[in-house]
Amino acid sequence: MAWLFLITLFTFVATAGFESSKGVYILFIGLSLLNIAVFYLNLYFLIPLTLDKRKFFFWMLGCLTIVVTFLAIKYGFSFYIYKISGLRMVTNTKEMSFSEPERLLISTFVTNGFFIFLSTVYKFTIDWFFNEREKTELERQRLTAELAFLKSQINPHFLFNSLNNIYSLAYQKSEATPDAILKLSEIMRYMLYESNDNRVALEKEITYLKSFIELQKLRFKGNAHVVLEVEGQIQNQQIVPLILISFVENAFKHGLATDKKHPIIINISVFEDNMLFTIKNKKNQQNKDQTGGIGMVNVVRRLDLTYPDKYKLSVENHEHEYLSELYLNL
């Protein structure tokens, strides 16, 4: 550990002035162990009992106790080693360390305080990194839960509208009802099983849109006019699942799909790793839904979460026409 290396290095510098002998190695090892004890005593005992509980006075009192206690222990240990081994400074053959004890006491006091400070900084640094990592993980879990919630709203919303359409076909005893149920089954299979990943193949998403459009055409008994254009290389491209369906659904819900001169026009252009999705439809002036919907609100929120700073959404709401343009960096 870097802290142990730093403690050892600091102790080595403190004992470097003595002549090389067996005694100085014993002194070096002993002081290193005592410095390590000061470091970890504050880190794992004093701080958890005081600072972590915001007992600042007791922490300062504890620090003073540790410093004074280890000052006495170090002085006694150094004096003992000095006596039995006759340590001498290289530049001074006099008994300078213990003939002037105040110098040794001051240096030992400062050393103890330094390792108290070092362990405190280490503790706060580790806690800060841990808290940041925990905050990041909690934020990730929150976003994942929010995305799951938004996606869970898409399925019932789509299913509700589709069942209404099939009910209308069944009520009219249309021969298209079985095909509509089969098409809905295929769509729901994709929504439930194939779109659980964070990204799906763009080809599959486009196939899903085509199935949805076919389902809507059955509802209109073949009188729905939709132009779907796909340009560029869509192979090997990934996209967030179910991100485009709300645009198409709203075009059928609020637009006029039966006007041959003004069909619903959908264009998907892929260039390099970018996609431009545009959809234009004529407004249905006789079908103004006053209840609104959750589809587009969810789309915007999902785009914010899954494509932050990687999308541009433009919506033009004209008197007779509605145009949506979505740019995605895939």
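Predicted model: local features only at pLDDT ≥ 70, side-chain atom pairs only at ≥ 80, totals over all residues.
- Five strands form an open sheet with mixed pairing, in the order S2-S4-S5-S7-S6; here strands (E, at least two residues) and helices (H or I, at least four) are DSSP runs numbered from the N terminus, and two strands pair if DSSP finds at least two bridges between them.
- The edge strands, each of which pairs on one side only, are S2 (226–231) and S6 (311–317).
- S6 and S7 run antiparallel and are joined by seven bridges.
- Helix H7 packs on the sheet and touches S2, S4 and S5, its direction making about 170° with that of S2; such angles run from 0 to 180 degrees between N-to-C directions, with axes fitted to C-alpha atoms, for helices over the stretch in contact.
- Helix H8 also packs on the sheet, where it touches S2, S4, S5, S6 and S7, and its direction makes about 10° with that of S5.

**The nonpolar cores**

- A nonpolar core is a set of buried Ala, Val, Leu, Ile, Met, Phe, Trp, Tyr and Cys residues joined through side-chain atoms within 4.5 Å, where buried means under 20% relative accessible area, exposed over 50% and partly exposed in between (1.4 Å probe, protein chains only).
- The largest such core has 43 residues, and those with the most contacts inside it are Ile 239, Val 248, Phe 252, Met 275 and Phe 277.
- H7 gives the most to this core, with seven residues.
- Apart from this core lies another, of 17 residues, among them Leu 34, Leu 43, Trp 59 and Tyr 122.
- Leaving aside neighbours within four places in sequence, Phe 277 is in contact (heavy atoms within 4.5 Å) with residues including Leu 244, Phe 247, Val 248 and Ser 324.

**Two loop residues with positive phi**

- Most residues other than glycine have a negative phi.
- Glu 272, in the loop between S4 and S5, has a positive phi of about 55° although it is not a glycine, and Glu 272 counts as exposed because its relative accessibility is 71%.
- Asp 309, in the loop between H9 and S6, has a positive phi near 60°, and Asp 309 counts as exposed because its relative accessibility is 80%.

Definitions and conventions:
Residues numbered from 1 in each chain as written. Heavy atoms only, no water.
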